[in-house]
Amino acid sequence: MQTRRRFLVVGLAGAAVLAATRLLERPAGAPSPALRFLDRDGAALIGALVPVVLAGAIPAQGAAREVAIREVVEAFDRAVSGLAPAVRGEIDELLGVLRFAPSRYLFAGLGMPLEEAGERRIAQFLSRWRESRFDLLRAGYQALTQLIQASWYGNAASWPAIGYPGPPSMSVSRP
């Protein structure tokens, strides 16, 4: 009985936090002309996660690193924009939790926006989510990291480093 009651209390508390986040979060940032799903704030948030999630896979510095991060953000946006509306809504809520200061502090332990947190703090928060006893946080970790990883490894620029020659060519012979 205690477990069921605790489950209900945690579920209601989580729903209340998400509802409060939705109501209190500042309006979405200006839409980005190149993106379909992410606004500028969302793009900056994903851009802050990319170097941590893809540590060692993207270029370490310079213009090539910035291009890789931009391409991953754009691919993330394309991937999410092609998902079912309900899934897009869940990802939007997850990003809202990470954008809204009180919920970001409560769930991620970060008092500042991810773009200002630095790679070490972002790695710590992601590690806490990955190892969390709460399914919701582990699911958030999986959603963010898997979409970011798929966005990079779907990019032809990443293929030489992993030895992937690219998709097979389909030559059609005509009789």
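In this predicted model, helix H4 and helix H5 (residues 101–108) pack against each other at an angle of about 95°, and their axes lie 5 Å apart. H4 and H5 are therefore roughly perpendicular to each other, since an angle of 65 to 115 degrees counts as roughly perpendicular. On the H4 side, the contact is made by Gly96, Val97, Leu98 and Arg99, and on the H5 side by Ala101, Ser103, Arg104, Phe107 and Ala108. Sorted by class, the residues of this contact of H4 with H5 are 5 nonpolar, 2 polar and 2 charged.

The chain has 175 residues, of which 36% are buried, and its secondary structure comes to 9 helices and 0 strands. Read from the N terminus on, the elements therefore run α-α-α-α-α-α-α-α-α. Among the contacts in the chain with a separation of 6 or more, 58% are accounted for by residues 24 or more positions apart.

How do two other helices, H2 and H7, pack together? Helix H2 covers residues 40–53 and helix H7 covers residues 119–131, and the two pack at an angle of about 80° with their axes 9 Å apart. H2 and H7 are therefore roughly perpendicular to each other as well. H2 brings Ala48, Leu49, Pro51, Val52 and Val53 to the contact, while H7 brings Glu119, Ile122, Ala123, Phe125 and Leu126. By class, the residues of this contact divide into 9 nonpolar, no polar and 1 charged.

A further pair is formed by H3 and H8, whose axes come within 8 Å and cross at roughly 115°. That makes H3 roughly perpendicular to H8, and the crossing of these two helices is right-handed. The residues that make the contact are Ala68, Val72, Ala75, Phe76, Ala79 and Val80 of H3, together with Leu144, Leu147, Ile148, Ser151 and Trp152 of H8. In this contact of H3 with H8 there are 10 nonpolar residues, 1 polar residue and no charged residues.

From these pairs we can turn to the interior of the model. In soluble globular proteins, nonpolar side chains tend to be buried together. Here the largest nonpolar core has 36 residues, and those with the most contacts inside this core are Ile46, Leu49, Val50, Ile122, Phe125 and Ile148. At least two residues of the core are supplied by each of H2, helix H3 (62–81), helix H4 (85–99), helix H6 (114–117), H7 and helix H8 (135–153). Which helix gives the largest share of this core? The largest share, 8 residues, comes from H2.

Some of the residues named above return here: Leu49 of H2, and Ile122 and Phe125 of H7, take part in the contact between those two helices, and Leu49, Ile122 and Phe125 are also among the residues with the most contacts inside the core. Ile46, another of the residues with the most contacts in the core, touches Leu38, Val73, Phe76, Leu95, Leu144 and Ile148, if residues up to four places away in sequence are not counted.

Finally, consider Ala43, which lies in helix H2. Is Ala43 buried or exposed? Ala43 has a relative accessible area of 16%, and because buried means under 20%, Ala43 is buried. Leaving out residues up to four places away in sequence, Ala43 touches Leu35, Leu38 and Val73. The C-alpha atoms of Ala43 and Leu95 are separated by 10.0 Å, although these two residues are 52 residues apart along the chain.

Note on methods
Residues numbered from 1 in each chain as written. Predicted model: local features only at pLDDT ≥ 70, side-chain atom pairs only at ≥ 80, totals over all residues. Heavy atoms only, no water. Axes fitted to C-alpha atoms, helices over the stretch in contact; angles between N-to-C directions. Helix = DSSP H or I, 4+ residues; strand = E, 2+ residues; numbered from the N terminus. Parallel < 35°, antiparallel > 145°, perpendicular 65-115°, else oblique. Contact = heavy atoms within 4.5 Å. Nonpolar A, V, L, I, M, F, W, Y, C, P; charged D, E, K, R; others polar. Core = buried A, V, L, I, M, F, W, Y, C linked by side-chain atoms within 4.5 Å. Buried < 20%, exposed > 50% of the residue type's maximum accessible area, 1.4 Å probe, protein only. Left-handed = near helix turned anticlockwise from the far one by under 90°.
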